[in-house]
Amino acid sequence: MTFLIQKTLLSAVPLMIVALAGVFAERSGIINLALEGIMIFGAFIGVAFVRMMQVVPVFAEAARAGAWGTLQWLEILTMLVAGLMGAVFSLLLSFASVNLRADQTIGGTALNLLAPALVLFLIRVMANQNTLQMVTGDAASWFMIKKSTLGIDKNADIGFLGETLLNKVYLATYVCILIYIILSIILYKTKFGLRLRSCGENPQAADSLGINVHRMRYTGTTISGFLAGMGGFVYSLTTANCTANGDVAGFGFLALAVMIFGNWTPLNIAGASLLFGLFRSIAAAYSSIDINGDGVFALAEIGVSPHFYRMLPYLITLIVLSFTSKNSRAPKAEGIPYDKGMR
Amino acid sequence: MKDRNQKILSSLISIVIGLAVGGVLVLVVGLLNSKIGIKGAWEGVRIIFAGILSTGRDAAGNLTWGFNSSNLGNMLFRATPLIMTGLSVAVAYQTGLFNIGAPGQYLMGTMASLMIALSIPTSVVPAWIVWFLALLGGMLAGAIWGAVPGMFKALLNINEVLACIMTNWIAANLVTWMFDISNFKNMAEGTKSGYIYKTTYNGVATAKLGLDKLFPGSQINGGIVVAIIIAILVYILMNRTTFGYQLKACGANRHAARYAGISDKRNIVLSMAIAGALAGCGASLYFLSGNTEFFWSTYQSLPSIGFNGIPVALLALNNPVAVIFTGIFMAMLDIVGLQLTNLTAYNEFITDVIIAVIVYLSAFSLVIRMWLAKRGKKKAEKKTETETKAEPAEGGTKA
């Protein structure tokens with residue numbers, strides 16, 4: 001059970017944060033199909049930054065001495081850097097779709113093609129192989145929080161909750177949840193959030209009330225890029241052992257599915273990402289999951305193919321789309337370039 | 001006529017900028033990396049622009065140039081599926097739909113045609129009939145997979161892009177699943193794991209039509225001829241028939257078309273089905289060639305040939321005949337990438353960067369065309385002589 005919950009959280013949190021990235025862009029009126037590309041880019045930047053910092057004496061020393069506090073700061077710093085570069089990368093999308101009024105779908109597709117190409121090109125030149133790894137050690141030895149890092153004896157019993165939430169976890173997971181809550185409140189409970197959302201619903205009306213639609217759309221897409229870039233690094237840190245290979249296994253598209261399934265609202269998105277994360281972790285480890293600890297591997301005995309669990313998120317998103325298309329909460333003006341003259 | 005020239009010019013500008021970005025990236029990386037240096041960087045730039053004519057290195061280590069039959073033949077071979085996926089995207093686009101589902105349709109086509117080609121024993125049925133059945137099966141599977149998002153769009157008014165993204169990933173998982181439980185996994189060659197048998201294991205392969213004598217040492221076969229014929233047929237369908245006109249009318253304005261008595265829903269579904277059939281056909285032509293292998297565990301990635309149909313169609317401005325040329329151009333970039341990997345310290349991913357830049361530019365090709373039109377007007381006021389001069393210069397950089 002502990003194992004299943006932890007695995008689910010590990011996939012659900014990047015999904016959740018990247019789905020929120022999608023919400024920020026779409027609420028401001030820009031369809032961000034480039035989530036996948038920005039994630040790939042963010043993952044690469046994050047891993048490259050970790051590699052650079054690993055040779056800096058402060059962090060190398062900290063790793064040797066086991067000063068985990070310093071390393072956690074490095075993790076946060078890397079998330080910040082990956083996010084910032086993701087935001088910069090997303091400017092390509094906002095420039096094309098806001099200033100040049102380009103087709104946002106094609107623009108997003110271009111970024112999705114550009115990111116893996118650029119990243120793989122650079123990785124091959126840097127590392128002479130298709131995967132960029134940490135210089136020394138791995139994600140677990142550098143960044144994972146274990147009982148021993150917290151100063152608890154390895155064999156000590158810290159209860160079910162402690163075992164689940166404190167042993168073998170990453171700080172990034174909790175930071176992401178915190179950011180998710182804060183940004184959701186900003187988007188739905190503040191003046192700024194209301195203005196941003198108005199640009200996605202009726203930009204002409206927003207403009208008539210003195211809101212700068214172009215600036216709002218830039219803001220929305222940039223926040224989106226930041227979150228997606230950060231989510232990309234969190235994905236690579238927690239599920240890919242801090243490596244980058246120009247691929248995030250379709251997580252960006254899955255996040256789009258989460259966003260649609262969650263009907264563009266934060267609570268539903270959190271639920272949807274947990275559900276999809278659960279499917280993913282079942283697919284990855286269904287044969288070794290022991291739900292209630294009685295030694296019976298129930299999921300393996302049902303005999304459903306792991307491919308089915310992997311397919312399920314997309315399948316149910318498609319079905320949900322068809323049922324909710326009538327009362328969808330999708331922003332009304334998404335995908336339409338803002339034209340002052342139009343009504 | 002003038003409009004057409006402007007369209008061609010805008011595509012050429014996209015291509016030149018794309019290649020230039022690739023060249024600059026190669027130069028910058030070369031200069032920053034002491035192992036490559038200025039000499040290596042210059043070699044990289046030259047290969048990007050003319051890699052198709054590169055014949056390797058001579059004894060002294062200098063790049064040699066000339067007619068390279070295997071490169072040209074492989075280029076035409078790789079162009080075959082790109083032309084088909086390009087046609088797929090173009091047909092949908094003319095009906096006002098963005099077919100981002102080509103990768104999924106391509107995968108379904110792959111699965112159907114490989115399974116048919118490998119399961120019907122050629123000792124009973126003649127190989128060419130099996131080949132033909134496999135091709136039809138691939139088209140049918142693609143058509144079904146294209147019709148699904150088409151129906152979601154027509155009946156439930158769901159954005160076809162979202163539906164296509166979902167069907168893409170469903171296809172990726174479904175194909176992996178089906179091949180996983182099948183017995184087509186290549187067990188005979190133990191060194192290669194994760195591949196499906198080549199169709200030649202069952203004696204099925206596309207006829208060479210003598211093209212292999214024209215381009216010795218390459219993988220070329222009759223598939224390119226089939227693709228060109230289909231492209232011309234699609235052109236006729238779209239521009240010379242009532243049905244094609246109806247499709248385009250739906251693309252121009254769905255509601256006006258319905259007012260004129262055209263069933264918009266039927267046409268949207270049919271357009272997506274045709275698009276899917278074309279993408280599926282591309283997959284069949286590629287994998288029935290007999291010398292290509294399919295990596296079946298594909299649930300984490302989608303085939304890039306499907307996505308590259310988008311730049312092929314966009315560069316051709318969705319004209320089916322122009323798709324032939326842009327498909328060949330994209331295949332040339334592919335070969336250039338291989339040359340870069342083989343001959344220099346760079347790698348093939350630079351060509352994907354070039355393609356991505358071209359897609360990015362075509363997202364606002366309208367802006368470029370408007371800018372061209374404005375410039376055209378200004379020049380017309382001054383006098384038009386400079387324009388005729390600019391044309392051959394652009395044509396020169398294309399090669």
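In what follows, Ala, Val, Leu, Ile, Met, Phe, Trp, Tyr, Cys and Pro count as nonpolar, Asp, Glu, Lys and Arg as charged, and the others, Gly among them, as polar. This is a predicted model, in which local features need pLDDT of at least 70, side-chain atom pairs count only at pLDDT 80 or more, and totals for chains, interfaces and linings use all residues. Residues are numbered from 1 along each chain as its sequence is written, chains are lettered from A and ligands numbered from 1 in the order in which they are written, and side-chain values use heavy atoms, with hydrogens and water left out.

Let's start where the two chains meet. The contact (heavy atoms within 4.5 Å) takes 42 residues from chain A and 42 residues from chain B. Together the chains bury about 4,000 Å², with 80% of that on carbon and sulfur atoms; buried area here is the accessible area (1.4 Å probe) that two parts lose on being put together, summed over both. Between chain B and chain A there is 1 salt bridge, meaning a side-chain nitrogen of Lys or Arg within 4 Å of a carboxyl oxygen of Asp or Glu. Arg124(A) and Glu348(B) form a salt bridge through their side chains, at 3.2 Å from N to O.

Over all chains, the structure holds 8 salt bridges. Another pair to look up is Asp334(B) with Arg78(B), whose side chains meet at 3.3 Å, N to O. Asp334(B) sits in helix α13 (residues 320-343) of chain B and Arg78(B) in helix α3 (residues 69-94) of chain B, so this pair ties together parts that are 256 residues apart in sequence. Helices (H or I, at least four residues) and strands (E, at least two) are DSSP runs, numbered from the N terminus.

Now stay with chain B, which is divided into domain 1 (2-67 + 362-398) and domain 2 (78-318); the bounds come from an automatic or database domain assignment. The C-alpha centres of these domains of chain B lie 31 Å apart. Where they touch, 7 residues of domain 1 of chain B are in contact with 4 residues of domain 2 of chain B. The two domains of chain B bury about 450 Å² between them, 74% of it on carbon and sulfur atoms. Ser11(B), Phe67(B) and Ser362(B) supply 59% of the area that domain 1 of chain B buries against domain 2 of chain B, more than any other three residues. The count of salt bridges between these domains of chain B is 0.

A cavity is a set of points, on a 1 Å grid over the protein atoms alone, where a 1.4 Å probe fits but cannot get out, and its lining residues have an atom within 4 Å of a point. Grid points are joined across faces, edges and corners, and a volume is the space filled by probe spheres set on the points. The whole structure has 2 cavities of 30 Å³ or more.

The second largest cavity holds about 40 Å³ of space. Its lining draws at least three residues from each of domain 1 and domain 2 of chain B, and α1(B) gives the largest share, 3 residues. By class, this lining has 3 nonpolar, 5 polar and no charged residues.

The largest cavity has a volume of about 80 Å³. Residues of both chains line the largest cavity, including Arg280(A), Arg310(A), Trp169(B) and Tyr299(B). Here α15(A) gives the most, with 3 residues. The lining of the largest cavity has 6 nonpolar, 2 polar and 2 charged residues.

Terms used
1 Å grid on protein atoms, 1.4 Å probe; cavity = no way out; pocket = protein on both sides within 12 Å on 5 of 7 lines; lining within 4 Å.
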